[in-house]
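Please look over the structure shown below and keep it in view while you read.

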Amino acid sequence: MSESSSSKRSNKELVELETVAIRFAGDSGDGMQLTGDRFTNAVAIAGNDLSTFPDFPAEIRAPVGTLAGVSGFQVNFSSKEVHTPGDSVDVLVAMNPAALKANIHDLKKGGIIIANIDNFTEKNLEKADCKSNPLEEDSLKSAYQVHEVKITEMTRKALEDVEIRSNLSDRCKNFFALGLMYWMYSRPLEPTKEWIKSKFAKNEEFIIANTRALEAGYFFGENTEIFASNYIVREATYPAGIYRNISGNVALAY
């Protein structure tokens, strides 16, 4: 580790929070459900209480980049007891203009926007019925903490020396976003790395590509100057017992 990178890390403030709600949002092919599921697993391992809300688009898939095709996953985690996924969110990870437009109304004033600027093209803005680029509007910048991140480009760069199929690198951008959120909220990479190895055990290129993208997102957050601080939510205090994550469908079946 170089002296300069060490200095950058030490200059960032670690802020302790009690409760955080994050919403991952993108096109139905962007892997937002998987991203949210892995982040949920990470906060559970860290000992936080949590509640989630996956928001699936229609089963008949809408055109890519449109408002009707937006998929989301919200996780509310805390150092105290949590009862709901949260009515509003502190962080919105928006993979395209449609995701931003469909979810911005639920972001708290002063909240954080992580926008994949690579997808805010003229074509995608048109698909999302945006007359202009919302990221360039003063009203958005004054109301929220807007961070424009080249998620797609940096994912491709992280995988440029990996021998993979041409379309696979773009499919890994959700792991870049996940890695960035792990850094921002002080979550370890190892449990997800182990999950990747297990999930894609029969496909070595998937293991390498997704792991590389995850690490790239984490180290981008750690080294970039656009984030002045990162955060930590301490573990919740539970009565002694055995706990597990459970979905609504499983709970209903029980």
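E160 sits in the loop that runs between helix 6 (151–158) and helix 7 (168–171). The model that places E160 there is a predicted one, and in it E160 is exposed, with a relative accessible area of 62%. The C-alpha atoms of E160 and C130 are separated by 33 Å, while the two residues are 30 residues apart along the chain.

**The loop between helix 4 and helix 5**

- C130 belongs to the loop between helix 4 (122–127) and helix 5 (138–143), and because buried means under 20% relative accessible area, C130 counts as buried at 16% relative accessibility.
- If residues up to four places away in sequence are not counted, C130 touches P97, K101 and L125.
- A98 and C130 are 32 residues apart along the chain, and their C-alpha atoms are separated by 8.5 Å.
- D129 also has its place in the loop between helix 4 and helix 5, but D129 counts as exposed, with a relative accessibility of 54%.

**Positive phi angles**

- Most residues other than glycine have a negative phi.
- D129 is not a glycine, and yet it has a positive phi of about 60 degrees.
- S186, which is not a glycine either, has a positive phi of about 55 degrees.
- S186 is found in the loop between helix 8 (173–184) and helix 9, where it is partly exposed, with a relative accessible area of 26%.

**Two residues in helices**

- T192 lies in helix 9, which covers residues 190–199, and at 2% relative accessibility T192 counts as buried.
- Leaving aside residues up to four places away in sequence, T192 touches R38, F175, L178, Y182 and L214.
- N223 lies in helix 10, which covers residues 204–223, and N223 is partly exposed, with a relative accessible area of 25%.
- N223 and L252 are 29 residues apart in sequence, and from C-alpha to C-alpha they are 45 Å apart in space.

**The largest pocket**

- The largest pocket in the model has a volume of about 830 Å³.
- The elements that give two or more residues to the lining of this pocket are helix 2 (32–45), strand 3 (49–55) and helix 11 (248–253).
- In total, 28 residues line the largest pocket, and of these L50, S51, R244, N245 and I246 lie nearest its centre.
- When the residues of this lining are divided by type, 10 are nonpolar, 12 are polar and 6 are charged.

**The protein as a whole**

- The protein contains 11 helices and 8 strands.
- The radius of gyration of the protein is 18 Å, close to the 18 Å that the globule rule gives for 254 residues, so the protein is as compact as a globular protein of that length.
- Taken along the principal axes, the box that the C-alpha atoms of the protein fill is roughly 55 × 45 × 45 Å.
- Of the 254 residues of the protein, 49% count as buried.
- Among the contacts in the protein with a separation of 6 or more, 73% are accounted for by residues 24 or more positions apart.

Notes
Residues numbered from 1 in each chain as written. Predicted model: local features only at pLDDT ≥ 70, side-chain atom pairs only at ≥ 80, totals over all residues. Heavy atoms only, no water. 1 Å grid on protein atoms, 1.4 Å probe; cavity = no way out; pocket = protein on both sides within 12 Å on 5 of 7 lines; lining within 4 Å. Points joined across faces, edges and corners; volume = space filled by probe spheres on them. Helix = DSSP H or I, 4+ residues; strand = E, 2+ residues; numbered from the N terminus. Nonpolar A, V, L, I, M, F, W, Y, C, P; charged D, E, K, R; others polar. Rg over C-alpha atoms; globule rule 2.2 N^0.38 Å. Buried < 20%, exposed > 50% of the residue type's maximum accessible area, 1.4 Å probe, protein only. Contact = heavy atoms within 4.5 Å.
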